[in-house]
Amino acid sequence: MAPTIHTHTQHRPTTERTASRRVGAFRDDGRGVSEVLGAILLFGLLMTLLVLIQVNAVPAQNQQIEFEHNQRAQQDMLSVDRAILQAGTENVPASTQVEVATRYPSRFFLVNPGVGAGSIATTEPGTVTVSNAVAPSASTYWNGDDRTFETRRLRYRPNYNEYRNAPVTVYEHNTLVNTFDNGAVRPVDSGSFVDGDQLLLVFLDGQLATSSTNAIAVETTPLSGPSQSVTITNGTDSGIAVSLPTALTEDQWRGLLEDETVANGGRVSAISVAPGTPHNTLTVTLEPGTYQLRMARVGVGGSIDESALGPHYLTTDDEAFGESIRTDESRAVTVDVRDRFNNPATGDVTFTSADGSFRKADGTTADSLTKSSDERGAVTAVFVPASGFTGTAVVTASQDFDGDSTVQSWERTQFSIPVEQSGDDESTDSVSGVNPYFAESVRLESVRRQGPNGVSIDFYNNGSTDREIRQVRLLFYSSNSGNPADWGKLNDDDDDQFYRFGNWEPVDQSIVIESKQTETVSITFDRAGTQDFFGLAVEYNGLSANYFVQVP
């Protein structure tokens, strides 16, 4: 009998099989754990990169952006510099935008710093003094005494996050400079208040103090201008000295004015800076000689000092009254009203003379006559010598401009007019009447309007002899507006100016009307309107005529 073979199958317990499957399951999920860890590492790397960019790259980029903005802001301040100059020299107001704060570009996942507010402000006023200056044409005012004026500086201060050593840009005395914390000064332009024999002083007035993260509009308003040139020279052997408030040092000004020094062919003989509060004082001494001085006042901001404006002194040219008149003649005299900056101003002037009277608009005379200056600052009065007076007539023009009840020396001017005994005049060959139109006459052919206040007249010489205009006289002027012209000029020549109710005015220029030819003569009045009517007397060589002319 065959032996029985028993096969034994070993069965693991259920718990052991379950544990085995769990181990296998964990072994199968290892790849998922790697992906999660990889994502975490990648995220960490990205965050680290963003942090590095935020900490290093963003500040570096912002510094470059701020530097480039500062260059633009300096160009804006240069535009303000030019606007100030234009307001002072050309009487043109302007509004200039200054980009005072920078803007950063948007950065995804990155943080920009806050925008710093830049500021523009005027400084405290300082005193400008011009010493030892004499002006022959304005000797009552520019007589060698110190003349003082107030001015301010204009300062732009940036506020950056990264551009740590950004300069402060300052305008003072026609000069725009960058000042750095280390004391360095770099000019932004090549301007200066002295250029050879030219002096240009532009005074800033007004209070401006504003900061913003947006652009700021700087308004430049002409207060006294356009600047008029006055010839000045030194009153003593020493040169003219100009003292100005400044924040710069002597070495810095020596660098800025190096090209204007005597050593380099200029006319600046000495430069010094004295410390002070709130400003230092720069003093520039000029070589003895003649200079052209121009001054102007420009407003920036509010709170303008009105007391510095308006009429201040009177001036006249004595040489204009050197020629004598006869006792039965009259003489038009003109004075100029100027403000303290030598520019035309509007104001009343009173004319007086113990030696005669003054003709009024209606043709009568008065011992005293008060008239207002025109837009050029000029005031004209017609002086009539007293009956039988001969000798030198003294005419005084004066006004208490500052209202202190005292007429100062610069608020008064006098001039002398020689008066001679009347004599027989040389008679002309003939008088050709009113608007003559016959043989040997000089005819009025046509009249045309010329500009707002003038006419152009064509004269035709019908005679056989060339005729030269020797004298002219404005007989009358009738105006529709009731405001007649006081004077006219031949060919717009100041030397050939004649006046209503005045006497004959000799013609200095050569105006010849050839035989059988036409000559055009222009007359410019101080005012003229359409349909106005005037009478003009003309004396030629050997002939005279009266013309009644209507303004087209």
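**Figure 1. Confidence along the predicted chain.** The mean pLDDT of this predicted model is 87, and 90% of the residues reach 70 or more. Confidence is lowest in helix 1 (residues 14-28), with a mean of 49, and highest in strand 4 (residues 133-134), with a mean of 98. Two segments stay under 50 throughout: residues 1-9, which have zero contacts beyond four places in sequence, and residues 424-431, which have 11 such contacts.

**Figure 2. The largest nonpolar core, with L201 as one of its residues.** This core has 36 residues, and W142, L201 and I232 have the most contacts inside it. At least two core residues come from each of strand 3 (126-131), strand 7 (168-172), strand 11 (198-205), strand 14 (230-234), strand 15 (241-246), strand 16 (268-274), strand 17 (280-286) and strand 18 (290-299). Beyond its neighbours within four places in sequence, L201 is in contact with V128, V130, F193, V242, L244, L293, R294, M295 and A296. Another core, of 27 residues, lies apart from this one and includes I469, Y477, L536 and V549.

Figure 3. T413 is part of strand 28 (residues 412-420). Its relative accessibility is 7%, so T413 counts as buried, the limit being under 20%. Apart from neighbours within four places in sequence, the residues in contact with T413 are L314, T316, V335, V395, T396 and A397.

**Figure 4. A nonpolar surface patch.** V33, V36, L37 and I40 make a patch of about 380 Å². One of these residues, L37, lies in helix 2 (residues 30-90).

**Figure 5. Two cis peptide bonds.** G225 and P226 are joined by a cis peptide bond with omega of about -5°. P226 sits in the loop between strand 13 (216-224) and strand 14. The bond from T277 to P278 is also cis, with omega near 0°, and P278 is in the loop between strand 16 and strand 17.

Figure 6. N491, a residue other than glycine, has a positive phi near 50°. N491 lies in the loop between strand 33 (487-490) and strand 34 (497-499) and is partly exposed at 31% relative accessibility. Q531, likewise not a glycine, has a positive phi near 75°. The loop that holds Q531 runs between strand 37 (518-525) and strand 38 (533-540); Q531 has a relative accessible area of 39% and is partly exposed.

**Figure 7. Salt bridges.** Side chains of opposite charge can pair when their charged atoms come close. The whole structure has 13 salt bridges. In one of them, E250 pairs with R254, with the closest N and O atoms 3.0 Å apart. E250 and R254 are separated by about one helical turn because they are four residues apart in helix 3 (residues 250-256). E250 is partly exposed at 28%, and R254 is partly exposed at 40%. E162 and R164 meet in a salt bridge at 4.0 Å, N to O; E162 is partly exposed, at 22%, whereas R164 is exposed, at 63%. R376 and D374 form a salt bridge with the closest N and O atoms 3.4 Å apart. R376 is partly exposed, with a relative accessible area of 44%, and D374 is partly exposed, with 22%.

How values were computed
Residues numbered from 1 in each chain as written. Predicted model: local features only at pLDDT ≥ 70, side-chain atom pairs only at ≥ 80, totals over all residues. Heavy atoms only, no water. pLDDT = per-residue confidence, 0-100. Contact = heavy atoms within 4.5 Å. Buried < 20%, exposed > 50% of the residue type's maximum accessible area, 1.4 Å probe, protein only. Core = buried A, V, L, I, M, F, W, Y, C linked by side-chain atoms within 4.5 Å. Patch = residues over 30% accessible without salt bridge, like charges linked within 9 Å, V, L, I, M, F, W, Y side chains within 5 Å. Areas by Shrake-Rupley, 256 points an atom, 1.4 Å probe, with all protein chains shown as cover. Salt bridge = Lys/Arg side-chain N within 4 Å of Asp/Glu carboxyl O.
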